[in-house]
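Subject: Structure handover and findings

Dear colleague,

Please find the structure below. My notes on it follow.

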Amino acid sequence: MKINMGKDKKENTPGPNLVWRCCLSIMFVLAVTGFSSAQSVDSPVADERARVTGLRYISVHVLELEKTLKLYREILGFKLSDAEVLHGPGLEGMLVMKLRAYDLTIGLSVTAPEFQHTIGPVGNTNHNHFMLKVNDIGPIGDRLKAEGYALENENYVRDKYTFFTGPNGEIIGLSSWEE
């Protein structure tokens, strides 16, 4: 099989060699100028002192207890590692079952019946979310606020945690609690 790469024909359209040269030139310019799809060096979060260090946990609010336990324990192989009943505003009587699989923890939360209507919005603990570990929450929280994100906990430096809603509606928690 022979493929004609435009060498035999004289056309007014640019050949593949010209297209490749343009692409390589653009890639070279981008590489030399330090272009990156990641954070720039000037970004406060790019500073090694303030960054995400891992996933702390995932929280799922249980609507169907039997099906949820069957899925996570029997099918996915998580083991019950802890369970506690929480107390305080917005979470009184909530049962949290912590399930572990290797280094991942999933918190299954069963909301007390009188608080079922509160599941969902940021601003209470009754929402599905994931919590990221960070080593210095201050600069990250400050940057989020500067970028226009509303933080659920304005005392995030003192309390070492906050939540915010990401651009896709995902609820993200940040925590700098010690293990």
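Contact here means heavy atoms within 4.5 Å. On that basis, residues 24 or more positions apart account for 50% of the contacts in the chain with a separation of 6 or more.

Some conventions come next. This is a predicted model, in which local features need pLDDT of at least 70 and side-chain atom pairs count only at pLDDT 80 or more, while totals for chains, interfaces and linings use all residues. Residues are numbered from 1 along each chain as its sequence is written, and side-chain values use heavy atoms, with hydrogens and water left out.

Overall make-up

The chain has 4 helices and 7 strands, where helices (H or I, at least four residues) and strands (E, at least two) are DSSP runs numbered from the N terminus. From the N terminus on, the elements run α-β-α-β-β-β-β-α-α-β-β. Of the 179 residues in the chain, 27% are buried; buried means under 20% relative accessible area, exposed over 50%, and partly exposed in between, with a 1.4 Å probe and protein chains only.

The 7 strands form an open sheet of mixed pairing, in the order 2-3-4-1-5-7-6. Strand 2 (79–85) and strand 6 (161–165) are the edge strands, each pairing on one side only. Two strands pair if DSSP finds at least two bridges between them. From one strand to the next the twist averages 25°; axes are lines fitted to C-alpha atoms, for helices over the stretch in contact, and angles run from 0 to 180 degrees between N-to-C directions.

Strand 1 has two partners to report. With strand 5 it runs antiparallel, joined by 6 bridges, and glycine 54 has lysine 133 in strand 5 as its bridge partner. With strand 4 the pairing is parallel, over 4 bridges, and serine 59 stands opposite glycine 107 in strand 4.

Strand 6 and strand 7 (residues 171–175) pair in the antiparallel sense over 5 bridges. In strand 7, isoleucine 171 is the bridge partner of threonine 165, and leucine 174 that of threonine 162. The two strands form a hairpin with 5 residues between them, and glycine 169 in the turn has a positive phi of about 90°.

Helices on the sheet

Helix 2 (residues 65–75) lies across strand 1 (52–61), strand 2, strand 3 (95–101) and strand 4 (104–110), and runs at about 170° to strand 4. Helix 3 (residues 137–146) lies across strand 1, strand 5 (129–134), strand 6 and strand 7, at about 150° to strand 7.

Which residues of helix 3 are buried? They are Ile137, Gly138, Ile140, Gly141 and Leu144. These buried residues pack against strand 1, strand 5, helix 4 (156–159), strand 6 and strand 7. Just after helix 3, glycine 148 takes a positive phi of about 95°.

Most residues other than glycine have a negative phi. Tyrosine 102, in the loop between strand 3 and strand 4, has a positive phi near 55°. Tyrosine 102 counts as exposed because its relative accessibility is 81%. Lysine 160, in the loop between helix 4 and strand 6, has a positive phi near 65°. Its relative accessibility is 36%, so lysine 160 counts as partly exposed.

The largest pocket

The largest pocket has a volume of about 500 Å³. The search used a 1 Å grid over the protein atoms alone: a cavity is a set of points where a 1.4 Å probe fits but cannot get out, a pocket is an open set with protein on both sides within 12 Å along at least five of seven lines, and lining residues have an atom within 4 Å of a point. Grid points are joined across faces, edges and corners, and the volume is the space filled by probe spheres set on the points.

The largest pocket is lined by 20 residues, of which Tyr57, Leu86, Val96, Lys98 and His129 are the closest to its centre. Strand 1, strand 3, strand 4, strand 5 and strand 6 each give two or more residues to the lining, and strand 1 gives the most, with 4 residues. By class, the lining has 9 nonpolar, 7 polar and 4 charged residues; Ala, Val, Leu, Ile, Met, Phe, Trp, Tyr, Cys and Pro count as nonpolar, Asp, Glu, Lys and Arg as charged, and the others, Gly among them, as polar.

Regards
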